[in-house]
Amino acid sequence: MNLEKTNIFVSHLKNNFSPHQDIKDIDYTFFIEQSLTNAFLSEIQFIIKYVLNKKSPGHDLITNYIIPKKDILLLTVIFISVLRLSYVPHTWKYSIIILMRKPDKLPDSPSSYRLISLLPSFSKIIENILLKELSQLYR
C-alpha cells in the first residue's frame with residue numbers, strides 16, 4: 001500500500017516539476033559582472049542576518065546562526081563567482097521535499113498535499129541576491 005502511494009506521488013511530482021536549464025549566455029555573464037557593486041558584502045550580511053533569520057536548513061544543515069562573520073567575505077567571493085560564471089553548484093540545487101497534507105483534504109489524493117522544499121542556506125542566499133538584482137532590472 002505504501003509503495004503504491006509513493007509511486008503516485010513520484011509520478012505527480014515528475015509531471016509538475018522539471019530541472020532548470022544551464023545558462024550559457026556570455027552577454028548575461030558580462031551583465032552580472034557589471035551589476036555587482038561594493039555594497040555586495042553588506043547585502044549578503046543583511047540577507048544572512050535578517051532574511052534567513054527563521055528559515056529551516058536544507059540537507060547541509062547549515063543555518064545562518066553557524067556562519068561565522070569572518071567567513072562572510074569568503075562567501076561573498078564565492079557568490080560573486082557563482083553569478084559571474086552562471087554556475088550554481090549541484091549540491092545547492094538539491095532540496096528536501098516534505099509533503100504536508102492540506103487541512104480538510106483527503107489523504108489519498110496527491111493534490112491534497114502542499115510541498116515544502118528545504119533548500120541549502122547558500123542556495124537561499126544566492127536566490128535572494130538574484131531576486132534583488134532582477135527586481136532592480138525590471139523597475
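**View 1. Contacts of Ser112.** Setting aside neighbours within four places in sequence, Ser112 is in contact (heavy atoms within 4.5 Å) with Met100, Arg101, Lys102, Lys105 and Leu106. This is a predicted model: local features need pLDDT of at least 70, side-chain atom pairs count only at pLDDT 80 or more, and totals for chains, interfaces and linings use all residues. Residues are numbered from 1 along each chain as its sequence is written, and side-chain values use heavy atoms, with hydrogens and water left out. Ser112 sits in the loop between β1 (96–101) and β2 (113–118); strands are DSSP runs (E, at least two residues) and helices are runs of H or I, at least four, both numbered from the N terminus. Ser112 counts as buried, at 4% relative accessibility. Buried means under 20% relative accessible area, with a 1.4 Å probe and protein chains only. A polar atom of the Ser112 side chain lies 2.7 Å from the backbone oxygen of Leu106.

**View 2. An aromatic cluster of Phe79, Trp92 and Phe122.** Rings of Phe, Tyr and Trp (its six-membered ring) pair if their centres lie within 6.5 Å; planes under 30 degrees apart count as stacked, over 60 as edge-to-face and the rest as tilted. The whole structure holds 3 aromatic pairs. Phe79 and Phe122 pair edge-to-face, 6.2 Å centre to centre with 70° between the planes. Phe79 lies in helix α4 (residues 72–85) and Phe122 in helix α6 (residues 121–137), so this pair ties together parts 43 residues apart in sequence. Trp92 and Phe122 have ring centres 5.7 Å apart and planes at 55°, so that pair is tilted. Both Trp92 and Phe122 are buried, and Phe79 is buried too.

Methods. Buried < 20%, exposed > 50% of the residue type's maximum accessible area, 1.4 Å probe, protein only. Polar contact = N/O pair within 3.5 Å; in protein donor to acceptor, adjacent residues only side chain to side chain.
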